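These are my notebook entries on one protein, written down in the order in which I looked things up. I begin with the whole chain and then turn to single residues.

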Amino acid sequence: QVQLVESGGGVAQPGGSLRLSCTASETFFRILTMGWSRQVPGKDREMVAQISDSGRTYYDDSVKGRFTNSRDDAQNKVSLQMNNLKPEDAAGYYCKLKTMSTENEVRNHWGQGTQVTRSS
C-alpha cells in the first residue's frame, strides 16, 4: 500500500512561514498531479494548491502570492512553501498524488495529514 509521509506542520505565526513536505513510499509510472488540500473541523476539505506533470499550477485565491507548491519527481516529493501566514491558514493539510499506472489506471493517494495550528 502506498504511503505518503508528510512533515513540516507547526504553529502559524502571523506573517511567518512554514514548509510542508510529502514523500511517497514508492515510485510511479506517472504522477499526473501533486498537491495539497486543507480541512478545518466542520468544513469540507478544499484544495489549495496543485501542480501537474506539465508544470501547470493551481492555487486557491486565498493563498495566491503567499504559497508555492513544487514537485521533485526524482524523490517522489511535493512541497508547499507557505509565507505570510494568516490565522485562517490554520488547518489540517493533506497532500494528494494522482498517479497513472502502465495500464492507464488512475488513482488518488492521500497523506495522513499534518497540522498547522493557530498561534495563541
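The entries below record what I looked up in this model, which is a predicted one.

**Entry 1: the overall fold**

I started with the secondary structure, and I found that the protein comes to zero helices and eleven strands. Reading along the sequence, I therefore wrote the pattern down as β-β-β-β-β-β-β-β-β-β-β.

Next I looked up the dimensions, and the C-alpha trace spans about 50 × 25 × 25 Å along its principal axes. I then compared the radius of gyration with the rule for a compact globule: for 120 residues the rule gives a value near 14 Å, and the protein has 14 Å, so the two agree.

**Entry 2: burial, contacts and charge**

How much of the protein counts as buried? I noted 42% of the 120 residues, and I kept in mind that buried means under 20% relative accessible area. The accessible surface comes to about 6700 Å², and 43% of that surface belongs to carbon and sulfur atoms.

I also looked at contacts between residues with a separation of 6 or more, and 55% of these are accounted for by residues 24 or more positions apart. For the charges, I noted 15 positive and 13 negative side chains, with the centres of the two sets 4 Å apart.

**Entry 3: the disulfide**

How many disulfides does a search of the whole structure find? The search finds one, and it joins C22 to C95 with an S to S distance of 2.0 Å. The pair links distant parts of the chain, since C22 sits in strand β3 (residues 18-24) and C95 in strand β9 (residues 91-100), 73 residues apart.

Are the two cysteines buried or exposed? C22 has a relative accessible area of 0%, so I recorded C22 as buried, and C95 also counts as buried because its relative accessibility is 0%. I then looked up the handedness: the torsion about the S-S bond of C22 and C95 is about 45°, so this disulfide is right-handed.

**Entry 4: two asparagines with positive phi**

I next turned to N76, whose phi is near 50°, a positive value in a residue other than glycine. N76 is placed in the loop between β7 and β8 (77-82), and with 9% relative accessibility it counts as buried.

N84 has a positive phi of about 50° as well, although it is not a glycine, and I located N84 in the loop between β8 and β9. Its relative accessible area is 43%, so I wrote N84 down as partly exposed, whereas N76 is buried.

**Entry 5: S70 and its contacts**

I found S70 in strand β7 (residues 67-72), and with a relative accessible area of 30% it is partly exposed. Which residues does S70 touch, not counting those up to four places away in sequence? I listed R19, K77, V78 and S79. As a check on distance, I also looked up S70 and Q39, which are 31 residues apart in sequence and 20 Å apart in space, C-alpha to C-alpha.

**Entry 6: the start of the chain**

Last, I looked up Q1, which is in the segment before β1 (4-7). Q1 has 93% relative accessibility and so counts as exposed, the cut-off for exposed being over 50%. Between Q1 and F67 I noted 66 residues in sequence and 30 Å in space, C-alpha to C-alpha.

Definitions and conventions:
Residues are numbered from 1 along each chain as its sequence is written. This is a predicted model: local features need pLDDT of at least 70, side-chain atom pairs count only at pLDDT 80 or more; totals for chains, interfaces and linings use all residues. Side-chain values use heavy atoms; hydrogens and water are left out. A disulfide is a pair of cysteine sulfur atoms within 2.5 Å. Helices (H or I, at least four residues) and strands (E, at least two) are DSSP runs, numbered from the N terminus. Buried means under 20% relative accessible area, exposed over 50%, partly exposed in between (1.4 Å probe, protein chains only). The radius of gyration is taken over C-alpha atoms; the globule rule is 2.2 Å times the number of residues to the power 0.38. Contact means heavy atoms within 4.5 Å. Accessible areas come from the Shrake-Rupley method with a 1.4 Å probe; for residues, only the protein chains shown count as cover. Lys and Arg count as positive and Asp and Glu as negative; His and the chain ends are not counted. The place of a charge is taken as NZ of Lys, CZ of Arg, CG of Asp or CD of Glu.
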